[in-house]
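Please look over the sequence and the structure shown here before reading the report.

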Amino acid sequence: MSIFTPTNQIRLTNVAVVRMKKGGKRFEIACYKNKVMSWRSGAEKDLDEVLQTNSVFVNVSKGQVAKKDDLSSAFGTEDLTEICKQILAKGELQVSDKERQSQLEQMFRDIATIVAEKCVNPETKRPYTVSLIERAMKDIHFSVKANKSTKQQALEVIKQLQQSIQIQRAHMRLRFVLPARDGKRLKEKLRPLIKTVESEDFDEQLEMVCLIDPGCFRDVDELIRCETKGKGTLEVLSLKDVEEGDEKLE
């Protein structure tokens, strides 16, 4: 799609339009395709990489630029950068039905991939294949939301799938070494965060290898750093405690 703007004759190509209605009027901005979602997810931080021009339009395809008075009255400012940011954050990305369907299908695959990477069958410790997760997502009629990040939705999928198949986040394997004087006291504080203790050696210092839920890693790390004033050490031995081979769903 090629667009001419009569105000400055800039030729806009490969346009993604983001539209917003405010104060009873319609406002649009012209963005680069694929950049809007990157901006919203936080992956893209440079506004110039997202906007084709920082003009605000009434109609991008016709090149009709919005009047300053209308912008000021609707947004309470004439700062075009600030207005563009508001439209980017809250506006609706205009895509064709075919593009939207393609985007949702890609997001569906991405969510299934994240789930497969993070999860195992708790009984066998084996990971599930992406295609198997996709099938299970279809079985529970999971509906992808275009305005939510794939990571957020993957966590929702895990919760929902737990109702129908044996699945859980793969545990992380850690080793920590604590000074003897802190060992006993800290061990009690760490106990609720630990799933399984694999080995424990308490001599001049406490050395422990254990499995934890990945969601608890930050708490464990903070606890050890703060309580030992930096003298304790924490090492990630493996991000996922898994067995070789893929899980089969009969």
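## Overall form

This is a predicted model, and the protein in it has eight helices and 13 strands. The radius of gyration is 26 Å, well over the 18 Å that the globule rule gives for 250 residues, so the protein is more spread out than a compact globule. Along its principal axes, the C-alpha trace spans about 80 × 50 × 30 Å.

Of the contacts between residues at least 6 apart in sequence, 62% join residues that are at least 24 apart.

Of the 250 residues of the protein, 36% count as buried. The accessible surface comes to about 14,900 Å², and carbon and sulfur atoms account for 45% of that area.

## The aromatic pair

A search of the whole structure finds one aromatic pair. Phe 27 belongs to strand β4 (residues 25–32) and Phe 75 to helix α2 (residues 68–75), so the pair ties together parts that are 48 residues apart in sequence.

Residues count as buried when their relative accessible area is under 20%. Phe 27 therefore counts as buried, at 1% relative accessibility, and Phe 75, at 9% relative accessibility, counts as buried too.

Key:
Residues numbered from 1 in each chain as written. Predicted model: local features only at pLDDT ≥ 70, side-chain atom pairs only at ≥ 80, totals over all residues. Heavy atoms only, no water. Helix = DSSP H or I, 4+ residues; strand = E, 2+ residues; numbered from the N terminus. Rg over C-alpha atoms; globule rule 2.2 N^0.38 Å. Buried < 20%, exposed > 50% of the residue type's maximum accessible area, 1.4 Å probe, protein only. Contact = heavy atoms within 4.5 Å. Areas by Shrake-Rupley, 256 points an atom, 1.4 Å probe, with all protein chains shown as cover. Phe/Tyr/Trp six-rings, centres within 6.5 Å; stacked < 30°, edge-to-face > 60°.
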